[in-house]
Amino acid sequence: MRRRTWLLPAGLLLSASACGLTSGSPMVDDVRPGSIGAGEPLKGADLTVTSKEFTEQLVLGAIMGIAFEAAGADVLDRTGIQGSIGAREAVRSGDADGMYEYTGTSWITYLGNSEPIADPREQWQAVRDADLKNGLTWLPPASLDNTYALAMNRANYKKYGTKTLSDVAALSKKDPDAVILCVESEFANRADGLPGMQKAYGMNVPAGNITQMDTGIIYTQAAKGSCVFGEVFTTDGRIKSMNLAVMRDDKKFFPNYNAAPEINTKALKKWPAIADVLDPITKKLNNAVAQELNARVDVAGEDPHQVALDWLKEEGFVK
């Protein structure tokens, strides 16, 4: 799962955007208003939703689209665009009307800031204010925060007793060989990844104790104990399914990656009811919900769109 990407050369940006937007299909869910969409305030609207290509984004994109359907809109599904930049560009240009985006991604990757803002609400406000000039309006965020963390299996958790990243740092000084890390290559080289984390917490992890591997393998190796600590994403469903213990970021080093609706400003002005339709849903999205929905896709093998539809019905948002 990747919700953060390196900036691409302009040519690649255009080709990625164009490639992602050549496909799309109408959403045809048989849904009616539940607790949202009463009176069908979006009736007559033709709206396009988009997302990046990883599981959580596919689910969130479907949630947005189905909510619009229930409120009366005709919805075109253009979810699953490769990379972060293509999906954002689609909303910015008006090729799509909305998506769920992450505050930290916009602040650092798109808006070019190097220092994250520690308070999640202030981070969202800064992104909201900065992106207005780009034709993008950020609606209020969810508590869902898809950021980095370190996690370990329960046997190692019991053995070492680490609960926070400060505890991991203390262990790295007391017993350097005990801290064996498995991380993605991107995390290993990012300022807001491993180098920055080690600096912020004063960790002393020998280079030989750090192994780079693909995301999915990290979870299985951490669960087996081959890696004492694995780099994970806090909303990944495999954390719960593999019963991993997550280390608390007690110094709040990692950026906030709260999900929030990012809407094309012109579309929102034309259809202001978009905000009222999405707000109750966004308020319900937290890490526990995201882990559950992501696990239904990544662990149980369910379809992301069906997972989104089932959840919206279970919560009474749609019928």
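For my tallies, Ala, Val, Leu, Ile, Met, Phe, Trp, Tyr, Cys and Pro count as nonpolar, Asp, Glu, Lys and Arg as charged, and the others, Gly among them, as polar.

**Entry 1: the cavity**

I'm working with a predicted model here. I looked for cavities of 30 Å³ or more and the structure holds 1. The volume of the largest cavity comes out at about 50 Å³. Which residues line the largest cavity? I wrote down Glu56, Val59, Leu60, Ile63, Leu144, Leu285, Ala290, Leu293 and Asn294. Sorted by type, the lining gives me 7 nonpolar residues, 1 polar and 1 charged.

H2 gives the largest share, with 4 residues.

Then I moved on to the largest pocket, and its volume is about 760 Å³. I noted 32 lining residues, and the closest to the pocket's centre are Thr147, Phe253, Phe254, Pro255 and Asn256. The lining of the pocket splits into 16 nonpolar, 8 polar and 8 charged residues. I also checked for contributing elements: H4 and strand S6 (148-152) each supply at least two residues of this lining.

**Entry 2: two helices**

Helix H3 covers residues 84-93 and helix H4 covers residues 103-110; their angle is about 95°, and their axes are 12 Å apart. Why do I call H3 and H4 roughly perpendicular? Angles of 65 to 115 degrees count as roughly perpendicular, so H3 and H4 get that label.

Where do they touch? On the H3 side I found Ser84, Ile85 and Arg88, and they meet Thr105, Ser106 and Tyr110 in H4. The residues of this contact divide into 2 nonpolar, 3 polar and 1 charged.

**Entry 3: the sheet**

Last stop: an open sheet. I traced 5 strands in the order S8-S7-S9-S6-S10, and the pairing is mixed. Strand S8 (210-212) and strand S10 (245-246) stand at the edges; each has a single partner strand, so one side of each has no neighbour in the sheet.

I zoomed in on one pair. Are strand S7 (residues 181-183) and S8 parallel or antiparallel? They pair in the parallel sense, over 3 bridges. I also jotted down that Val183 stands opposite Gln212 in S8.

How values were computed: Residues numbered from 1 in each chain as written. Predicted model: local features only at pLDDT ≥ 70, side-chain atom pairs only at ≥ 80, totals over all residues. Heavy atoms only, no water. 1 Å grid on protein atoms, 1.4 Å probe; cavity = no way out; pocket = protein on both sides within 12 Å on 5 of 7 lines; lining within 4 Å. Points joined across faces, edges and corners; volume = space filled by probe spheres on them. Axes fitted to C-alpha atoms, helices over the stretch in contact; angles between N-to-C directions. Parallel < 35°, antiparallel > 145°, perpendicular 65-115°, else oblique. Contact = heavy atoms within 4.5 Å. Pairing = 2+ DSSP bridges.
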